[in-house]
Amino acid sequence: MQYESPKSIDDAISLISNASGNTRILAGGTDLLVQMQSQVADPDLVVDIKNIKEMKEFKKEDGAYVIGAAVTGMEIAEHEEFVKDWPGVVDGVKLIGSIQIKGRASMGGNLCNASPAADSIPAMIASGAFAIIAGPDGRREVLVEDFIKGPGKTTLKSNEILVSIKLPLKKQNSSGAYLRFTPRTEMDIAVVGVGVNITLSDSGICEDAKISIGAVAEKALVVEDAASALIGNKITEEIIEDYIEKVRASARPINDKRGTVEFRIQVIGVIAKRALNMALERIR
Ligand SMILES: Cc1cc2nc3c(=O)[nH]c(=O)nc-3n(C[C@H](O)[C@H](O)[C@H](O)COP(=O)(O)OP(=O)(O)OC[C@H]3O[C@@H](n4cnc5c(N)ncnc54)[C@H](O)[C@@H]3O)c2cc1C
């Protein structure tokens, strides 16, 4: 196996473009190294991106946050201004493994690994985040919900690389939350997860909402019906019941050892309600 640690994005792209065998990008390695150890992945070339400056940058550009693909979970969780602006995304990142795992694991790696149960993805989707992708023909931006194609599958071509994740300008009177259900409190995989982002008017009417659910389909879903149940309304108990119903109706989970279809559909409504209330509380 060949290991390379380029210093620029152009060099990384030329390495992956000219490679003939199986190539993998290495960020924190908390997914990739486990996959290599268990022979799920057997790359001929590993391209480590941690020595590329832009991949490790966490900056604000024109009011939007741009988080390099190799910025670690701990770096995100400790960024005070970001924590205030995008608490829902931080909720998701903070749930990734232990402190030790978050000291290595990146949000970019969580996104590119494309697990249906990944914790940062519904939160990123609810926040309107974009994936910034670089390839031989330049750069392109896609919404995070369009980046994932299915379990372990993304829109990245074999000669492309995720450079960063962009969080748009935070609107006034808005906030978010991400919650998941796991049988254990830590170091477990989401049985269901819900990301919520909501904007209220001064009079308390919901002006905008974006809801995403994880671990209940082949990829994290955007639940437009649930957002529509909130938009234009004061968030009363009746409205919340309608929202919960819409979330449950969109879930299409599988039966597995961690939860039945019925259980997941039941629990996702409970978690969706809690995440919404958490976001509302944060606005107040
Ligand atoms: C003990 C343990 C607990 C965990 N708990 C959780 C949890 O609670 N929730 C959760 O969601 N995840 C969890 N994970 C999974 C993992 O930690 C996360 O998915 C993490 O965010 C991956 O980031 P990374 O930087 O380590 O990615 P890596 O392992 O480096 O990469 C992951 C995948 O993405 C690709 N990749 C990485 N960066 C790029 C890029 N810039 N461009 C193109 N492809 C790229 C790699 O080739 C690889 O296929 C856990 C893992 C472990 C080992």
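Two strands count as a pair if DSSP finds at least two bridges between them. Helices (H or I, at least four residues) and strands (E, at least two) are DSSP runs, numbered from the N terminus. Before going further, please note that this is a predicted model, in which local features need pLDDT of at least 70, side-chain atom pairs count only at pLDDT 80 or more, and totals for chains, interfaces and linings use all residues. Residues are numbered from 1 along each chain as its sequence is written.

Back to the hairpin. Within it, I198 stands opposite A209 in strand 13. Five residues lie between the two strands, and G204 takes a positive phi near 90° in this hairpin. Strand 13 (residues 206-214) is mostly covered, with seven of its nine residues buried. Here a residue is buried if 20 or more other C-beta atoms lie within 10 Å of its own, exposed if 12 or fewer, and partly exposed in between, with C-beta atoms placed from the backbone.

Strand 13 also pairs with strand 14 (residues 221-222), again in the antiparallel sense, over two bridges. There the bridge partner of S212 is V222. The hairpin of strand 13 and strand 14 has six residues between the strands, and A215 takes a positive phi near 70° in it. Looking towards strand 11, we find that strand 11 and strand 12 pair in the antiparallel sense over eight bridges, and A177 has V196 in strand 12 as its bridge partner.

Put together, these four strands form an open antiparallel sheet in the order 11-12-13-14. Strand 11 (174-181) and strand 14 stand at the edges with a single partner strand each, so one side of each is left without a neighbour in the sheet. Helix 6 (residues 87-94) packs on this sheet, where it touches strand 11 and strand 12, and its direction makes about 25° with that of strand 11. Contact means that the C-beta atoms of two residues, placed from the backbone, lie within 7 Å. Angles run from 0 to 180 degrees between N-to-C directions, and axes are lines fitted to C-alpha atoms, for helices over the stretch in contact. Seven of the eight residues of helix 6 are buried, so this helix is largely enclosed by the rest of the structure. Among those buried residues are P87, G88 and V89.

Helix 13 lies across strand 11, strand 12 and strand 13, running at about 150° to strand 11. What helix does helix 13 (residues 261-283) cross, with axes that come within 9 Å? The partner is helix 12 (residues 237-250), and the two axes cross at roughly 135°.

Five strands form an open sheet in the order 4-5-10-6-7, with antiparallel pairing. Strand 4 (58-61) and strand 7 (138-143) stand at its edges, each with a single partner strand, so one side of each is left without a neighbour in the sheet. On average, neighbouring strands of this sheet are turned by 25° against each other, direction ignored. Strand 5 (residues 64-68) and strand 10 (residues 161-167) run antiparallel and are joined by four bridges; I67 stands opposite I165 in strand 10. Helix 1 (residues 9-18) packs on the sheet, touching strand 6 (130-135) and strand 10, and its direction makes about 135° with that of strand 10.

V144 lies in helix 10 (residues 144-147). Is V144 buried or exposed? With 25 C-beta neighbours inside 10 Å, V144 counts as buried. Leaving aside neighbours within four places in sequence, V144 is in contact with residues including L111, I121 and M124.

Finally, step back to the whole chain. Its secondary structure comes to 13 helices and 14 strands, and 46% of its 284 residues count as buried. Along its principal axes, the C-alpha trace spans about 60 × 45 × 35 Å.
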